[in-house]
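I set out to record, entry by entry, what I looked up in this structure.

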Amino acid sequence: AMNAAQWKEAHDGFLQAAHWLPQAAQVHHNLALCQLALGQSQAAQQSAERALALNPQLWQSRLVQGNAFKALKQAEAADAAYALVLQTQPDNGEALLARADLAINVFGLPLQAMALALPLLRDKFHAVDAQLTTLMANVYDRDVSATVLSQAVMKFSKQNLRMNARTNEKLNRLKLAPRTESEQKSKRPRVALISPLFCASPVYFLTIFGWRHVAKGCDIVVFNRGHKTDWATEIFKGLASEWHNVQEMDAVRLAQAMHAADIDVLYDLGGWMDPVGLKALSVKPAKQMFKWVGGQSVTTGLDNFDGWIGDEHQSPLHLQHLYTEPLVNIPGSYATYTPPDYLPPTPKRKSDVPVVFSNPAKVSRAFLAELQAMPGKKCFVHRQFQYPQARARVEEALGVSNVEFVLPNSHKEALEVLGQHQVMLDTFPYSSGLTAREAQAMGVRVQDRKSVV
């Protein structure tokens, strides 16, 4: 059952085996794997710990423990678990890639992620993941041009995100027969959304206005690729005619599920946040497909999308060569911002200290160099600055006395802090999307390299 990714059945079997063989480390390890796949992170951590207590040499359980810690948002504990694996196996590809993932997505250190992935670029087992890690790190901080990066993404996508011919042929046989004319007239169009972020994220705040409109005349079918749920998830569920939890599906099974859903138009709201999802989309499981908000920092590299939805500012037509998707630009703006109920009112008095409201990974070397030329203190707002390694890079570049870090405990707190400032400094080469909209909604001016908006 585990080999077939039937995680619930496998979990129940290993749970029974653990009662029969309580001293068998491998049983507890396999139980931890199943629990992790089912999103039971705390239980997975405990089962992995049990396996390690029975067999301290079982490094695979140490990796599972690290993955469980990461899912529980205990990033430093996760990093320490991976580091323990590397103490005895310095070339362990899974541990190196896991640390690289934390370096980019938690500690805000894309250059460190590249260094961790470097030894694996020619490794026969991990080269693809190492290449992907390097590409994503370059999105945040790079020495190459946008054209070179885009070409590298396109090459990677062509080599690694295409189903093989046999699988593609099998999926084509699964395609449904065309609807009859009467069915076409009586049936509402089916619009699919796929993303790992159906929660309080840019996917919600920048697209929900559109989906509320679409839901008036279409059936919305959601393919949920993430585990995070909150108040925004419930709003998406309220609009959906069908909701499919497909977090653990591989690319083939996911493509089959989307084929079977008989979709007219599909919107990818995940992009490079979900490479498995992109691979499933490489066989075009819907009649039409568009790339929109969510992981939209760079082209998918797939050539079967019907369009990339942007605007004249985000994706001007003269940059079509950076995209495999045809650019479909919405006049004025590619998205409509829907503020949360807790958006704070604009304060009467604002601080003249500029604010950087951004994931630490977006604070590139080039951006820091520009900040060095600006006199005065800067305020950095993001929960991930709680980690010393995220703060150290900024402090080293700007000086400890010239920076202030604010660690909001919630999105509401972050907005309250943002609204207290007159100007938000926009990062580059990875610029703001949702945060720029939030700043403007509270009367905060957004300053990029060329102007103040």
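Entry 1, aromatic rings. I count two rings of Phe, Tyr or Trp as a pair if their centres lie within 6.5 Å, with the six-membered ring taken for Trp. The model I worked from is predicted. By that criterion, ring pairs join Phe198, Tyr204, Phe205, Trp231, Phe236, Trp243, Tyr337 and Tyr342 into a cluster. I also looked for charges over rings, and I noted Lys237 over the face of Trp243, at 5.5 Å from the ring centre. Trp243 is one of the members of the cluster.

How many aromatic pairs does the structure hold? I found 20. I described each pair that I examined by the distance of the centres and the angle of the planes. I then located the two residues: Phe367 belongs to helix H17 (residues 365-372), whereas Phe428 is in the loop between strand S11 (423-425) and helix H20 (434-441). The two are 61 residues apart, and the pair thus links distant parts of the chain. Both Phe367 and Phe428 are buried.

I next took up Phe380 and Phe405. Their ring centres are 5.8 Å apart and their planes are at 35°, so I recorded the pair as tilted. Phe380 is in strand S9 (residues 378-381) and Phe405 in strand S10 (residues 403-406), so this pair ties together parts 25 residues apart in sequence. I noted Phe380 as buried, and Phe405 likewise.

Is the bond from Phe428 to Pro429 cis or trans? I read it as cis, with omega near 5°. Pro429 is placed in the loop between S11 and H20, where I had already located Phe428.

How many disulfides does a search of the whole structure find? My search returned 0. I looked up the accessibility of two cysteines. Cys34 has a relative accessible area of 0% and is buried. Cys218 has 17% relative accessibility; the limit for buried is under 20%, so Cys218 also counts as buried.

I examined helix H2 (residues 25-37) against helix H3 (residues 41-54), and their axes come within 8 Å and cross at roughly 165°. Angles over 145 degrees count as roughly antiparallel, and H2 and H3 are therefore roughly antiparallel to each other.

I then turned to helix H4 (residues 59-71) and helix H5 (residues 75-88), which pack at an angle of about 165° with axes 7 Å apart. That makes H4 roughly antiparallel to H5. Their crossing is left-handed.

In the loop between H4 and H5 I found Lys73, which has a positive phi of about 65° although it is not a glycine. Is Lys73 buried or exposed? Its relative accessible area is 71%, and I recorded Lys73 as exposed. Asp262, also a residue other than glycine, has a positive phi near 55°. I placed Asp262 in the loop between helix H15 (251-260) and strand S4 (265-268). With 15% relative accessibility, Asp262 counts as buried.

Key
Residues are numbered from 1 along each chain as its sequence is written. This is a predicted model: local features need pLDDT of at least 70, side-chain atom pairs count only at pLDDT 80 or more; totals for chains, interfaces and linings use all residues. Side-chain values use heavy atoms; hydrogens and water are left out. Rings of Phe, Tyr and Trp (its six-membered ring) pair if their centres lie within 6.5 Å; planes under 30 degrees apart count as stacked, over 60 as edge-to-face and the rest as tilted. Helices (H or I, at least four residues) and strands (E, at least two) are DSSP runs, numbered from the N terminus. Buried means under 20% relative accessible area, exposed over 50%, partly exposed in between (1.4 Å probe, protein chains only). A charge sits over a ring if NZ of Lys or CZ of Arg is within 6 Å of the ring centre and within 35 degrees of the ring normal. A disulfide is a pair of cysteine sulfur atoms within 2.5 Å. Axes are lines fitted to C-alpha atoms, for helices over the stretch in contact, and angles run from 0 to 180 degrees between N-to-C directions. Angles under 35 degrees count as roughly parallel, over 145 as roughly antiparallel, 65 to 115 as roughly perpendicular and the rest as oblique. A crossing is left-handed if the near helix is turned anticlockwise from the far one by less than a right angle, and right-handed if clockwise.
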